[in-house]
Amino acid sequence: MPAVLVAGLEAAGKTTLISIKDQPERTLGTEIVEKALISNLRKLSLWDVSGNEALRPIWPAHYKNVRFNAVIFVVDASDERLFEESKEELHILTNEEELRETVFIVIFNTKGANNVPTLEHLKHVFGFDKFHTSVRIEGFLIDVKRYDRHTHEAFTWLYNNLDS
Ligand SMILES: Nc1nc2c(ncn2[C@@H]2O[C@H](COP(=O)(O)OP(=O)(O)OP(=O)(O)O)[C@@H](O)[C@H]2O)c(=O)[nH]1
Ligand SMILES: [Mg+2]
């Protein structure tokens, strides 16, 4: 079963995205759930970590021991004050030796706000044009609380890129 690390800052919407709980509380330990992100497709082993700064050192403990097929990196796109810190964490992950073969999908979560930047702008701010060409990464702008066609498009991209 493919393993997927679900990372990002606190309250970005990680647990909401993978719909483990209706009203998620902050994740304080790592929760591993096996479920398909698109019904009828194969199950994934989803590693939902805490984005709390004090608990982020646990992330490397996971990917240094488990080979992840993908990283889902969730960003709160409604609060630009968090962009720099979020970008730093994303770039740390994309530079890790253990994640060199891993495909990255960045979920920019609108959190239902209607004044979020465009996807193009977000990708620029997060340095998408600066990743080494070997980094396989794509970004999507969605409201993680709603499972709509944008969510479906993002998850379809993930499934299509898991093994390639
Ligand atoms: N309206 C709205 N609220 C959201 C959305 N995504 C997340 N939230 C809310 O933001 C809060 C944090 O979401 P979580 O999914 O728990 O965030 P997380 O990334 O798992 O956070 P940690 O577990 O603390 O690292 C919750 O109260 C969610 O209900 C969204 O797309 N729309
Ligand atoms: Mg969580």
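**Note on the predicted fold and its ligand shell**

1. The chain contains five helices and six strands. Here helices (H or I, at least four residues) and strands (E, at least two) are DSSP runs, numbered from the N terminus. Read along the sequence, these elements follow the pattern β-α-β-β-α-β-α-β-α-β-α.

2. On conventions, this is a predicted model, in which local features need pLDDT of at least 70 and side-chain atom pairs count only at pLDDT 80 or more, while totals for chains, interfaces and linings use all residues. Residues are numbered from 1 along each chain as its sequence is written, and chains are lettered from A and ligands numbered from 1 in the order in which they are written.

3. The overall dimensions may be considered next. The C-alpha trace of the chain spans about 40 × 35 × 35 Å along its principal axes. For 164 residues, a compact globule would have a radius of gyration near 15 Å, and the chain, with 14 Å, agrees with this. The radius of gyration is taken over C-alpha atoms, and the globule rule is 2.2 Å times the number of residues to the power 0.38.

4. Of the 164 residues, 34% count as buried. A residue is buried if 20 or more other C-beta atoms lie within 10 Å of its own, exposed if 12 or fewer, and partly exposed in between, with C-beta atoms placed from the backbone. Two residues are in contact if their C-beta atoms, placed from the backbone, lie within 7 Å. Among contacts between residues at least 6 apart in sequence, 72% join residues at least 24 apart.

5. In soluble globular proteins, nonpolar side chains tend to be buried together. In this model the largest nonpolar core has 41 residues, and those with the most contacts inside it are Val-6, Val-71, Phe-73 and Ile-107. A nonpolar core is a set of buried Ala, Val, Leu, Ile, Met, Phe, Trp, Tyr and Cys residues joined through C-beta atoms within 7 Å. The elements that give two or more residues to this core include the strands β1 (3–7), β3 (44–48), β4 (70–76), β5 (103–109) and β6 (137–142), and also the helices α2 (58–63), α3 (83–94) and α5 (149–161).

6. Val-6 deserves a separate remark. Leaving aside its neighbours within four places in sequence, Val-6 is in contact with Lys-14, Ile-18, Leu-46, Trp-47, Asp-48, Val-49, Ile-72 and Val-74.

7. Strand β3 is mostly covered, four of its five residues being buried. With β1, strand β3 pairs in the parallel sense over four bridges, and Ala-3 stands opposite Ser-45 in β3. With β2 (residues 31–35), strand β3 pairs in the antiparallel sense over five bridges, and here Glu-31 stands opposite Asp-48 in β3. Two strands pair if DSSP finds at least two bridges between them.

8. Ligand 1 is surrounded by 21 residues, of which the closest are Gly-13, Lys-14, Thr-16, Thr-27 and Gly-51. A residue is near a molecule if its C-beta atom, placed from the backbone, lies within 6 Å of it. Helix α1 (residues 14–17) gives the most to this shell, with three residues. By class, the shell has five nonpolar, ten polar and six charged residues. Ala, Val, Leu, Ile, Met, Phe, Trp, Tyr, Cys and Pro count as nonpolar, Asp, Glu, Lys and Arg as charged, and the others, Gly among them, as polar.

9. The loop between β2 and β3 holds Asn-40 and Arg-42. Asn-40 is exposed, because it has 5 other C-beta atoms within 10 Å, and its phi is near 80 degrees, a positive value in a residue other than glycine. Arg-42 counts as exposed, with 11 C-beta neighbours inside 10 Å. The C-alpha atoms of Arg-42 and Pro-2, 40 residues apart along the chain, are separated by 8.9 Å.

10. Lys-111, in the loop between β5 and α4 (119–125), also has a positive phi, near 50 degrees, in a residue other than glycine. Lys-111 is partly exposed, with 17 other C-beta atoms within 10 Å.

11. Arg-146 lies in the loop between β6 and α5 and counts as exposed, since it has 11 C-beta neighbours inside 10 Å. Its C-alpha atom is separated by 8.8 Å from that of Leu-17, 129 residues apart along the chain.
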